[in-house]
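This report describes how one chain of an assembly meets its two partners. The sequence and the structure come first, and the account of the interfaces follows.

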Amino acid sequence: MIVMDDTSCMVNVARFFIEFCMTESCGKCIPCRAGTAQMHTLLTRICAGHGTMDDLDLLVELCATVKETSLCGLGQTAPNPVLSTLKYFKHEYIDHIVHKRCPAGVCNMEAPVAAESPVEVLA
Amino acid sequence: MSQTITIDPVTRLEGHGKITIHLNDQGEVENANFHVTQVRGFEKFSEGRPFYEMPSLMARICGICPVSHLIASAKACEAIMSVRIPHTAAQLRRMLNLAQMVQSHALSFFYLSSPDLLLGMESDPQTRHIFGVVGAKPELGRAGIALRRFGQHIIELLGNKRIHPGWVVPGGVTEPLASAKRDEILGMIPEAYANIELALRWYKQIAETFAPEIEVFANFASLYMGLINEDESIEFTDGALRLMGARGEIVADGITAAQFPEVIGEAVEPYSYTKFAYYKPLGYPDGSYRVGPLARLNIAKSMGTPMADGELSLFKQISDDGPVQSSFYYHYARLIDILHGIEKIEMILSDPLILDKHVRATAGVNRLEGAGQAEAPRGTLHHHYKVDENGLITWANLVIATGQNNNAMNKGVLQAAKHYVKDGKFTEGILNRVEAVVRTFDPCLSCSTHAFGQMPLAISLVSAEGEVVDRVVR
Amino acid sequence: MSTSVDVKTLLIDGQEVSARSGQTILEVAKENDIYIPTLCHLDGLSDVGACRLCVVEIKGNNKLFPACVTSVFEGMEVTTVTERLQKHRLTILEMLFAERNHICSVCVANGHCELQTLGQEQGLTHVRLPYRNPELPVDASHERFTLDHNRCIMCTRCVRVCAEIEGAHVWDVMGRGIDSMIISDLHEEWGKSSCTRCGKCVQVCPTGALFDKSKIGSDHPKYPDFLPNLNLMREAQ
């Protein structure tokens with residue numbers, strides 16, 4: 001149990017914890033090594049206002065795989081912050097994705113996302 | 001009011017391009033440009049890769065002429081390795097390159113251009129495609145499809161794969177030719193002869209009716225460049241480059257791949273992603289030249305094969321003095337190339353060493369720089385790499401045929417547009433002629449994605465203020 | 001081998017099988033021709049349970065267990081194929097394909113790659129995860145072989161074969177998490193390392209990360225089957 005007030009952005013909090021797990025991951029098993037990095041990418045994307053509802057579904061799937069198949073306790077518990085913020089504060093995720101708005105005013109919605117590759121469609 | 005006509009995309013080309021025609025206040029054509037609108041980045045992302053991987057990487061540039069890239073790339077790698085490949089490997093590669101030339105020319109002539117030639121420049125765009133050709137003159141359509149299959153099947157037999165065969169490697173090829181495969185290819189040759197003879201006969205019947213087009217389809221003096229053997233016969237895979245002037249004089253000769261960068265420069269224009277190659281001593285744009293079938297036939301003294309030699313002497317009669325100038329004759333030259341290709345493949349297969357098992361030389365990095373050149377169906381192709389001590393690519397440059405024809409294509413588009421577009425008025429048939437000029441060059445717009453059938457064509461008339469005045473969509 | 005063999009009987013996918021005490025689920029499954037997908041496991045090497053593709057369900061426990069490092073017990077009921085397992089296996093494969101730069105069409109291992117085969121076999125039709133496209137080096141300093149980090153999946157088979165079988169322990173892992181990488185010696189160039197040039201690592205590498213330079217353009221099948229035979233011969237000595 002962690003107590004926070006409304007000046008904390010739940011998506012950003014989840015991102016913070018995942019970032020911690022990502023850097024702490026030893027890299028031995030795939031779900032923890034690649035899964036936490038993928039979750040971090042998705043959460044960063046959402047925080048920057050570039051997320052989609054598909055990303056949210058993907059995030060949930062990643063959480064399940066990382067939680068259930070990781071080798072040690074680090075990976076098995078890594079998705080917990082994401083899962084509990086999603087459980088209790090899903091509206092904050094939706095605010096970021098649909099309304100491009102951070103209710104706590106923490107996330108900078110203008111931040112560019114490197115992982116996104118622009119697809120140019122020839123007119 | 002000045003206007004711009006945009007043809008985007010240009011249809012029946014390999015890759016994506018567009019044409020803009022700029023009209024002045026009097027409605028006369030002031031300028032016309034052919035734009036290649038895609039950037040690929042192959043030179044950049046090959047950096048850091050092992051050089052021996054380059055042929056297979058570079059082949060991915062194009063699905064139509066991967067073999068040319070494979071061969072030019074492998075030759076550049078062999079320069080880095082400092083090896084001469086075994087005779088049999090050289091012959092097998094030569095055959096592969098010719099097979100690809102046959103299939104690519106068949107695609108260009110029959111699939112992309114014969115609809116204009118058979119059905120007419122003004123015919124209904126709804127049926128102006130290969131199926132229209134098959135409907136109107138089935139034997140011609142069938143001949144084209146069969147010739148394409150002939151080339152593709154040889155590539156598949158030799159390289160185990162029709163597109164991007166991994167068989168060509170630095171040092172030679174990965175496996176020798178099996179006698180069963182040789183016999184299979186030999187068995188396909190009589191039918192190929194019959195098909196190309198049919199096409200040549202038909203072309204000669206219709207060529208005269210296109211006299212007005214011949215007059216304005218990129219019909220101007222220019223330099224010509226292509227590979228040639230020491231005995232001045234045509235060459236596609238080895239040999240050295242010759243540059244011929246507008247009056248048939250030899251401007252430069254014996255240019256090896258290593259000398260190429262000293263002789264040929266590349267200019268950049270803001271409207272296209274393709275560079276503009278030019279002969280350095282004459283500068284840009286005066287040193288612009290043409291490559292491809294027309295250039296090769298202008299340069300060569302002989303084809304080195306009997307039937308193609310007969311056709312070459314007829315071709316040379318088109319122009320009384322010096323090289324054949326009109327790009328319309330690319331079509332004829334292409335058919336002669338195909339005939340030569342079939343003859344030469346037959347000759348190579350009778351080489352007593354063709355089934356020899358020694359087909360690959362091995363070596364490490366023995367030079368930090370290497371260049372290779374070959375004739376792609378549409379003209380000279382040049383690959384140039386630099387590597388580090390471990391053989392990882394640090395720099396790469398490719399000069400593709402389309403870049404070398406770029407200036408001629410632009411000039412040709414302008415010439416045709418000036419002739420046909422009058423008082424700012426144009427019809428679909430007129431714009432098709434402008435496109436057809438580009439088609440004669442069979443440019444490969446450094447692209448491997450191809451639309452099947454007819455791409456949508458939108459022509460916009462844009463005022464000087466950028467306002468769309470008129471728009472025709474088919 | 002001891003004379004008294006402690007026999008366990010268990011169910012794998014409903015099939016009644018018997019096993020020796022101390023055997024892993026994977027070993028028993030293999031003996032009984034029951035297929036469990038694996039990637040880091042290789043017969044003849046120690047198991048690390050790193051790829052997590054061999055996870056199975058055991059009745060009475062909600063957790064998933066890696067078959068390669070889970071020992072059998074009497075009365076065990078193992079299920080190797082369930083919707084839940086398939087979903088995880090697919091996601092793990094997706095993670096691998098998105099992690100580094102796997103481009104099959106120009107890869108020397110195309111057609112002989114265990115990752116590619118697993119993708120096809122498990123029905124991986126597309127990757128939904130964002131590609132990470134990391135910029136990774138290629139070590140071509142070795143006379144005969146090349147290491148392309150872009151194609152490495154960190155299964156550590158090369159590390160294990162070099163340490164356990166060849167006894168040279170040239171390969172090891174550097175860094176942690178997503179940044180971890182295979183290195184030779186203390187991060188020397190492979191060509192300058194203490195490598196014995198035996199080529200075992202190339203043969204056990206499941207992808208095109210380790211390859212023979214002379215095989216470029218040709219088929220490059222790997223032959224890891226030498227391992228169990230080699231071990232058998234060594235035991236006999």
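Buried area is the accessible area (1.4 Å probe) that two parts lose on being put together, summed over both. By that definition chain C and chain A bury about 2,400 Å² between them, 57% of it on carbon and sulfur atoms, and on the side of chain C the greatest losses to chain A fall on C:Arg52, C:Met95 and C:Pro130, together 24% of what that side buries.

This is a predicted model, in which local features need pLDDT of at least 70 and side-chain atom pairs count only at pLDDT 80 or more, whereas totals for chains, interfaces and linings use all residues. Residues are numbered from 1 along each chain as its sequence is written, chains are lettered from A and ligands numbered from 1 in the order in which they are written, and side-chain values use heavy atoms, with hydrogens and water left out.

Against chain B, chain C buries about 1,200 Å² in the sum over both chains, 51% of it on carbon and sulfur atoms; C:Val106, C:Val138 and C:Ile216 supply 42% of the area on the side of chain C, more than any other three residues.

Two salt bridges (a side-chain nitrogen of Lys or Arg within 4 Å of a carboxyl oxygen of Asp or Glu) are listed here.

| Salt bridge | Closest N to O |
|---|---|
| C:Arg84 with A:Glu68 | 2.6 Å |

The interface of chain C and chain A holds 3 salt bridges in total, and that of chain C and chain B holds 2.
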